[in-house]
Amino acid sequence: MGAMALLAAAIAIGLGAFGAALGNGLVVSRTVESIARQPEAKGTLQTTMFIGVGIIEAIPIITVVLAFLFMGMA
């Protein structure tokens, strides 16, 4: 297995995890801020937040699959 494939896999997983963590933090913080401003909309905001977080969490899973593909090509 080539060193470049390992490096590509590590970078892909690291950036995917970093991006997801940053995205989740922003989504949750904005949702909490919105709930503080309009408590009566909590249910709708929370549902939308969970959908958004689920979509954001797909990114690290995709990067792990890509990392395995990079390692398999070497």
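**Notebook: the α1 and α2 pair**

I began with the two helices and noted that α1 and α2 are roughly antiparallel to each other. The model I looked at is a predicted one.

*Entry: axes.* Two packed helices are described by the angle between their axes and the distance between the axes. I therefore looked up both values. The axes of α1 and α2 cross at roughly 175 degrees and come within 8 Å. I then sorted the residues of the contact of α1 with α2 by class and found 20 nonpolar, six polar and two charged.

*Entry: whole chain.* I counted two helices and zero strands in the protein chain. Its radius of gyration is 17 Å, whereas the globule rule gives 11 Å for 74 residues, so the chain is more spread out than a compact globule. I also took the box along the principal axes: the C-alpha atoms fill roughly 55 × 15 × 5 Å. Of the 74 residues in the chain, 19% are buried. I looked at contacts with a separation of 6 or more, and 80% of these join residues 24 or more positions apart.

*Entry: helix α1.* I noted that α1 covers residues 3-37, which is 35 residues. From the first C-alpha of α1 to its last I get 51 Å, close to the 51 Å expected at 1.5 Å a residue. Which residues of α1 are buried? I listed A5, A9, A12, G16, A20, G23, N24 and T31. What do the buried residues of α1 pack against? They pack against α2, residues 42-73.

*Entry: helix α2.* I checked the span here as well. The 32 residues of α2 should span 46 Å at 1.5 Å a residue, and the end C-alpha atoms are 47 Å apart, which agrees. The buried residues I listed for α2 are M49, V53, I56, P60, T63 and A67. These buried residues of α2 pack against α1.

*Entry: I56.* I picked I56, which lies in helix α2. Is I56 buried or exposed? Its relative accessible area is 16%, and the cut-off for buried is under 20%, so I put I56 down as buried. Leaving aside neighbours within four places in sequence, I find I56 in contact with A20, G23, N24 and V27. Of these, A20, G23 and N24 are also in my list of buried residues of α1. I looked up A12 as well: the C-alpha atoms of I56 and A12 are separated by 15 Å, and the two residues are 44 residues apart along the chain.

*Entry: N24.* I next turned to N24, which is found in helix α1. N24 has 15% relative accessibility and counts as buried. With neighbours within four places in sequence left aside, I noted contacts of N24 with V53, I56 and E57. Both V53 and I56 are among the buried residues of α2.

*Entry: E57.* Where is E57? I place E57 in helix α2. How does E57 count by accessibility? At 34% relative accessibility, E57 counts as partly exposed. I also looked up its separation from L69, twelve residues apart from E57 along the chain: their C-alpha atoms are separated by 19 Å.

*Entry: V64 has 33% relative accessibility, so I recorded it as partly exposed. The C-alpha atoms of V64 and G19 are separated by 13 Å, and I counted these residues as 45 residues apart along the chain.

How values were computed: Residues numbered from 1 in each chain as written. Predicted model: local features only at pLDDT ≥ 70, side-chain atom pairs only at ≥ 80, totals over all residues. Heavy atoms only, no water. Helix = DSSP H or I, 4+ residues; strand = E, 2+ residues; numbered from the N terminus. Expected span 1.5 Å × (residues − 1). Buried < 20%, exposed > 50% of the residue type's maximum accessible area, 1.4 Å probe, protein only. Contact = heavy atoms within 4.5 Å. Axes fitted to C-alpha atoms, helices over the stretch in contact; angles between N-to-C directions. Parallel < 35°, antiparallel > 145°, perpendicular 65-115°, else oblique. Nonpolar A, V, L, I, M, F, W, Y, C, P; charged D, E, K, R; others polar. Rg over C-alpha atoms; globule rule 2.2 N^0.38 Å.
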